[in-house]
Amino acid sequence: MTLLDPSIRGDFPALEQRLRGRPAVYLDSACTTLRAEPVIQAMVELQRGPLGCHGRSAHSFGRATSLAYEGAREVVRGFLGAREAREIVFVRNTTEAINLVAWSFPWRPGDAVLTTDLEHNSNLLPWQRLARQGRVVHRVLRVDPAAGLDLAALQRRLQGVRLLALPHVSNLFGIDFPLAEVVRLAHRAGAVVLVDGAQGVATHPVDVAALGVDFYAFSFHKIFGPGGGGALYGRAEQLETLRPFLAGGGTVESATYDDARFEPLPMRLEAGVGNYEAVAGGAAAIQYLQKLGQRRLHRHVVELNRIATQGLSRIDRVEILGPADPEKRGSILSFHVRGMQAEGLARMLDHSAGIMVRHGKLCVHAWFDAQRAPDAIRASFSAYTTPDEVQRFVRTVAGGVDMLG
Ligand code: PLP
């Protein structure tokens, strides 16, 4: 049996919600997952406990907070397989992590940044803005979503690239990228590799040291944790080269009116008082996920994707985006219905059956624009999703296509 026990649903209080008298069916976990009870508990405990300023106040509450904060950093370090805790920087989310690298990296004139054409806006716009300011040249590598990344094409495009930024898993197609090979090719070409791990960490165990990636970014809210918290891993030699784009409290050892001496890593990259609640919740989320097992979660979502794919494939005019094989799409099923507005169908699913899916350009606007593709619908699955919910989704789509079509 590859499916998780449905009793796991008891860990997610949001599932008690009912929509217009029906149980809510949440199929938008790629956008944000529901929060797990141990995460909520960890955040409440932190707020009720001895809470002071991390790293600054030497009194008892301050020390207790520093202990909790640095304990959470150690949890993230172990989760990503980083060698040292100082290689973990707490940030608000994946978007901030990528911006931190983009705006703090020691660029040289003529540097090129290579991304794929499947980037989420968060891994496109920072590079695009740098390019508009003339600080880098931005190149885009086309990826055939059905075939996956063409390593030979990547190798050809890496010539003269200073930094390669790519997703671990695409939020549009669910396909993953072979990071070990990518890093090997990029390093051979002299490029630094930044991985947008927002969609990757939930279902793909990561070992940054073994992979050799230079930067890896993720958000807690995509792994049952809170919003407003995430982490950037950076190989120590790379993090040392960053010139912090945010400077301020907590980052300096000393300062005069003219100059400042910055703290060592990671403090000098964490300006201002952090989001202690999110960090506590994030550590609890990681521990929850580790107990669940990323591989087990992957098998669960693939099984659900198989049910959904078989069901939707039988509906006339439905076109699934990306590879036909659900195994290659993990937790994600994006689709069009020929001749039908995505918005109308998504609203109908919500209003008539309490089924919540995402619709639109899924924050990959550039791909939709380049392909002249209509808006898509995306159903995404997680630990608490059941086969029953997926079947209800398929039946409701079939009914909607009949009725609205
Ligand atoms: N990258 C990918 C692939 C994503 O799917 C997302 C969120 O959907 C992000 C980046 C941005 O994540 P966040 O909003 O947590 O910064």
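This passage describes the overall build of the chain and then its cysteines. The model is predicted, with local features requiring pLDDT of at least 70 and side-chain atom pairs counting only at pLDDT 80 or more, while totals for chains, interfaces and linings use all residues. Residues are numbered from 1 along each chain as its sequence is written, and side-chain values use heavy atoms, leaving out hydrogens and water.

The chain contains 13 helices and 17 strands (DSSP runs, H or I of at least four residues for helices and E of at least two for strands, numbered from the N terminus). Its radius of gyration is 22 Å, close to the 22 Å that the globule rule gives for 405 residues, so the chain is as compact as a globular protein of that length. Here the radius is taken over C-alpha atoms, and the rule is 2.2 Å times the number of residues to the power 0.38. Along the principal axes, the C-alpha atoms fill a box of roughly 70 × 55 × 35 Å.

Of the 405 residues, 54% are buried (under 20% relative accessible area, with exposed over 50% and partly exposed in between; 1.4 Å probe, protein chains only). Among contacts (heavy atoms within 4.5 Å) between residues at least 6 apart in sequence, 71% join residues at least 24 apart.

And the cysteines? A search of the whole structure finds zero disulfides, a disulfide being a pair of cysteine sulfur atoms within 2.5 Å. The sulfur of Cys31 has its closest cysteine sulfur in Cys363, 7.1 Å away, which is too far for a bond. Cys31 is partly exposed, at 27% relative accessible area, and Cys363 is also partly exposed, at 22% relative accessibility.
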